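Below are some notes for a colleague on this entry. Please read them alongside the coordinates.

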Amino acid sequence: MSQLRELKLSNISMDITSLAGLVHLKKLTLVGDLIFHAEVLKNLGQLQELNVVSNLSDIDFLATLDQLRILTLSDTSLSNIDALAKLSQLKILNLSNKRRS
């Protein structure tokens, strides 16, 4: 699975720490109440598209994803989006269904 390029995890209870080894991943979709460890995503340096539909409250980990071109964050409770300023390759940004924190 280390050569996997695209992965979608939807509505399953799972700890995503096992994703750390997927260093060739280009597209990742996470939907639902996953046990979210942002540190894991820092290792996905080739990630170009990230879609997260979850009650995410901190996106500072995004600053390390310098290849990210498409980002969708839905159903979040973000209060700070400063990390987005560091995404120089970002072309498409979709922030929707934001919960007030």
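1. The largest nonpolar core has 27 residues, and Leu 19, Leu 28, Leu 50, Ile 59, Leu 62 and Leu 71 have the most contacts inside it. At least two residues of this core come from each of E1, E2, helix H1 (38–41), strand E3 (49–53) and E4. Note that the model is predicted.

2. Setting aside residues up to four places away in sequence, Leu 28 touches Leu 7, Leu 19, Leu 41, Leu 44, Leu 47, Glu 49, Leu 50 and Asn 51. Among these, Leu 19 and Leu 50 are also listed with Leu 28 for the most contacts inside the core. Leu 7 stands opposite Leu 28 in E2.

3. The sheet is open and has five strands in the order E1-E2-E3-E4-E5, with parallel pairing. Strand E1 (6–10) and strand E5 (92–96) are the edge strands, each pairing on one side only. On average, and with direction ignored, neighbouring strands of this sheet are turned by 0° against each other. E1 and strand E2 (residues 27–31) run parallel and are joined by five bridges.

4. Is Ser 74 buried or exposed? Ser 74 has a relative accessible area of 8%, which is under the 20% cut-off, so Ser 74 counts as buried. Ser 74 lies in strand E4 (residues 70–74).

5. The side chain of Ser 74 makes a polar contact with the side chain of Ser 96, at 2.9 Å. Apart from neighbours within four places in sequence, Ser 74 is in contact with Val 52, Val 53, Ser 54 and Ser 96.

Terms used
Residues numbered from 1 in each chain as written. Predicted model: local features only at pLDDT ≥ 70, side-chain atom pairs only at ≥ 80, totals over all residues. Heavy atoms only, no water. Helix = DSSP H or I, 4+ residues; strand = E, 2+ residues; numbered from the N terminus. Buried < 20%, exposed > 50% of the residue type's maximum accessible area, 1.4 Å probe, protein only. Polar contact = N/O pair within 3.5 Å; in protein donor to acceptor, adjacent residues only side chain to side chain. Contact = heavy atoms within 4.5 Å. Pairing = 2+ DSSP bridges. Axes fitted to C-alpha atoms, helices over the stretch in contact; angles between N-to-C directions. Core = buried A, V, L, I, M, F, W, Y, C linked by side-chain atoms within 4.5 Å.
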